[in-house]
Amino acid sequence: MEISYSSPPSSQPASSPSLSSFSRDVSLPIENFLMQLRRGQITESKCIAKGTAELMRQVVANSRWDDISTLVTLLKLVGKKLLSAQPRELLIVNVVCRIIHIVNEEAASVELVEEPSKRSSAAQSSINSPVKGSETPMMGLGQSAIFAQNLGEQLSNTLSKRTMDMFRLKSSIIQEINDYIDDLEGTEDDIADKAPDYIHSSEVILTCGRSRTVERFLRAAARKRKFHVIVTECAPRYDGHEQAKALKSPNIEVVVIPDSAVFAIMSRVNKVILGTRVVMANGGLIATSGTHMIAAAARHHSTQVVVCAGQYKHSPSFPFDDDRFNTLMSPDGVLPHSDGELVEAAEVANPSYDYVPPELVDILVDNTGSHLPSYLYRLLQENYDSAKDFAWTIYD
C-alpha cells in the first residue's frame, strides 16, 4: 500500500501593484505627460505641478485599489515614473507627497467617523448574543441553522458596508485633490493680493530674471502705487529682458542692468523681491542662476529680501548636496563655439540654478500668508507629515 504525502501549499506573497495593472484611461495620460517632460515641452513650475496633480487624480479615480496602502503604493509608483523623466524636478516630489498626505488624512477621518458605529454595533451584538449554557442541546441544534443564516447576513452587510465606505472615501479624496488643483490655479492671485503690504510709493525694487509670480505681484502693487523696478538681465539666458517687457506699465518705471552692476546699485535699492523654483525644507532656495549673488549683496547692504513662492514649491527635501538639484545648460551662451582655441583650453559650467541659504532670505510670501524661513518646518508638517518618506527615499 502506497502512502502519498501531499506537500503543503506554498505561501507566496501577493503580487505588489505595478504600472502594468493600470487601465488605458490612466496609462495613456501618464505616457503623454512623460513624453512632454522628457522633451522639455513643460518647464513652467505651475504647469508641472498641476499636471502631476491631475495624474494623481486619475490614479485615484480610475485604478483598482481596495485599501489605502495599495493606493499609496500606486501613487508612489507613478511619482517615481515621472521622476525618471526629470530626476531633478522637485516639484513632482512636492505634489506627490502632498497627494499622499491628503489620502492618509482622508482615510484617517473615515476611520474616526466609523469607530463609534463599530463600538455601538459590537455592544448591541454582545447584548443580543445568548449566554453560554442557557439553552439545552436540542435548542442548540435547532439554532445552528439560524446562527449560520445570521452569520451570512452579517458577512453580506459587512461587505456592502465596506464597499460603501470605500466609495465614500474615494469621492472625498477626489474632492480634496480638486480643491488642491484649484488652489494651484489661484496661487499667483493669492500672492499678488498681499503686494500692497510690501511695496510702497516711490520705492526702488530689485528683481532677478523671469518670474510670473513676481510679475503678478508687482503689477498688483502698481494698481495703487508708483515705484521703480530694476531687473537684472540674467545672462546668458537674458530672460530679464522678458520680465522688463512684462512689467511695463504707467506706474512702473523699469530699468534693466547687467548682472555685474548688482552690488554697485544695491545701496539705492529699498527691497529685493525674488521668485524661486523650489523652497527647500531648511528655508533655502533653488532659484535661477544669479540669485545668490543678489541675496548676498542685499545682506551686505541690509536690504530686505522677499521671496514669492506658492506652497506647492515648498519641498520636504533637504539640500544635503546642492548640485543634486541643479542642471547644466549648454556653455555656448558663456563661451561661444566660435572661439575654437579658447573652448578647447577651458572647461565651462553653465548652471541653471543657484542655491540660496536660508540666512540670506528675510520673508517667504505664499498663498496663505508670509512666514520666516525658520517657520517652514511647521508648514511642512501640516502639508507633508505622513508622506515625507517618499521625499527621503526617492533618490536612494
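Tutor: Helices, of at least four residues, and strands, of at least two, are DSSP runs numbered from the N terminus. In this model, which is predicted, the protein chain has 13 helices and ten strands.

Student: In what order do the strands of the open sheet lie?

Tutor: Two strands are taken to pair if DSSP finds at least two bridges between them. Here seven strands form an open sheet with mixed pairing, and the order is β3-β2-β1-β4-β7-β9-β10. Because β3 (252–257) and β10 (369–371) stand at the edges with a single partner strand each, one side of each is left without a neighbour in the sheet. On average, and with direction ignored, neighbouring strands of this sheet are turned by 25° against each other.

Student: How many bridges join β4 to β7?

Tutor: Strand β4 (residues 271–275) and strand β7 (residues 304–308) run parallel and are joined by five bridges; within this part of the sheet, Val272 stands opposite Val305 in β7.

Student: Which strands does helix α7 lie across?

Tutor: Helix α7 (residues 212–221) lies across β1 (204–208), β2 (227–232), β3, β4 and β7, and runs at about 140° to β4.

Student: What share of the residues counts as buried?

Tutor: A residue is called buried when its relative accessible area is under 20%, and 43% of the 396 residues of the protein chain count as such. The accessible surface of the chain comes to about 21700 Å², of which 52% belongs to carbon and sulfur atoms.

Note on methods. Residues are numbered from 1 along each chain as its sequence is written. This is a predicted model: local features need pLDDT of at least 70, side-chain atom pairs count only at pLDDT 80 or more; totals for chains, interfaces and linings use all residues. Side-chain values use heavy atoms; hydrogens and water are left out. Axes are lines fitted to C-alpha atoms, for helices over the stretch in contact, and angles run from 0 to 180 degrees between N-to-C directions. Contact means heavy atoms within 4.5 Å. Buried means under 20% relative accessible area, exposed over 50%, partly exposed in between (1.4 Å probe, protein chains only). Accessible areas come from the Shrake-Rupley method with a 1.4 Å probe; for residues, only the protein chains shown count as cover.
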